[in-house]
Amino acid sequence: MKQRAEYAKWYGDTAPPADILEKFDYGLAEDRQNPKAKWIANPGCYATATELSLAPLLKQKKIIVDSVIVDAKSGVSGAGKGLSRSTHFSEAHDNMMLYKMNQHQHIPEIMQQLRTWEPKIKAIQFSTSLIPVTRGIFITSYVKMQQPISDEELVQMYKIHYETSPFIRIQEVGQYPALKQVVGSNYCDIGLAYNPETNISTIVTVIDNLGKGAAGQAIQNLNIFGGFDERTGLDHLPIYP
């Protein structure tokens, strides 16, 4: 994060010196500003999936900017290996719980990136829930459109935007991704639909929080820095079913 005050507010910690922060390039692999930067800030898992969900619509000014709602869900591995009541088996199994309402630490990171694409966006409604799976991020985003659009046009827009991104897979019209089709991989799968009755587009996005949301993207960024094929060391298949 470029604004040092955000660290104390969201992380309860002192920010690194300003001259250090300025050296970092934000590591959203599909939208690197300085691919040769030696210092790379690898994005958070929720941030990665949310930003990839919204990038095409924001860049092309297709949405009403104060309408963005993001419902994000994570498997228990997102909390790390530390012990806590919420990740205890008897709490997490056969259960679902919302946490950090309006306080998740990825919110400022997400907003910082979204504003690089659309400076007019002031805020989004972002909620996070824990679901009883080991790995995976499942995000459902809702946005109001500036103009009506067909499902076919929406899907085609995303396919064109990500046509050179080997790890982004856009689902066909009427198809929506499931977690298991990305678990154990570096893929990000996105499904889309437009409701003409509400003028709302729904974007369904899944990643593995330990892959594309963490170590996988770190390796992808290393490949970009080194001039290697982005897929090097990452072309393994998801664990499905």
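**Buried aromatics and the nonpolar core**

At 2% relative accessibility, Phe126 counts as buried in this predicted model. Tyr46 is buried too, at 1% relative accessibility. Five aromatic pairs were counted, that is, 5 in the model. In one of them, the ring centres of Tyr46 and Phe126 lie 5.9 Å apart and the planes meet at 85°, so the pair is edge-to-face. This pair links distant parts of the chain. Tyr46 belongs to helix α3, Phe126 to strand β5 (residues 125-130), and 80 residues separate the two.

The largest nonpolar core holds 42 residues. Leu57, Leu114, Ile124, Tyr158 and Ile190 touch the most other members. At least two core residues come from each of α3 (45-59), β3 (69-74), α5 (107-117), β6 (137-144), α6 (151-161), β7 (168-170), β8 (188-195) and β9 (200-207). Helix α3 gives the largest share, 9 residues. In soluble globular proteins, nonpolar side chains tend to be buried together.

Contacts of Ile190 were examined beyond four places in sequence. Its partners include Leu52, Tyr158, Tyr162, Ile168, Ile170, Pro177, Ile203 and Val204. Arg169, Gln171 and Thr205 are also among them. Another core, of 7 residues, lies apart from the largest one. Phe167, Val182, Tyr187 and Val206 are among its members. The charged end of Arg169 sits over the ring of Tyr187, 3.9 Å from the ring centre.

An unreviewed UniProt entry annotates residues 45-209 as "domain: N-acetyl-gamma-glutamyl-phosphate reductase dimerisation". The end C-alpha atoms of this span lie 5 Å apart. Helix makes up 25% of the span and strand 25%.

Notes: Residues are numbered from 1 along each chain as its sequence is written. This is a predicted model: local features need pLDDT of at least 70, side-chain atom pairs count only at pLDDT 80 or more; totals for chains, interfaces and linings use all residues. Side-chain values use heavy atoms; hydrogens and water are left out. UniProt positions are given in the numbering used here, feature names are shortened, and annotations may be inferred rather than shown by experiment. Helices (H or I, at least four residues) and strands (E, at least two) are DSSP runs, numbered from the N terminus. A nonpolar core is a set of buried Ala, Val, Leu, Ile, Met, Phe, Trp, Tyr and Cys residues joined through side-chain atoms within 4.5 Å. Buried means under 20% relative accessible area, exposed over 50%, partly exposed in between (1.4 Å probe, protein chains only). Contact means heavy atoms within 4.5 Å. Rings of Phe, Tyr and Trp (its six-membered ring) pair if their centres lie within 6.5 Å; planes under 30 degrees apart count as stacked, over 60 as edge-to-face and the rest as tilted. A charge sits over a ring if NZ of Lys or CZ of Arg is within 6 Å of the ring centre and within 35 degrees of the ring normal.
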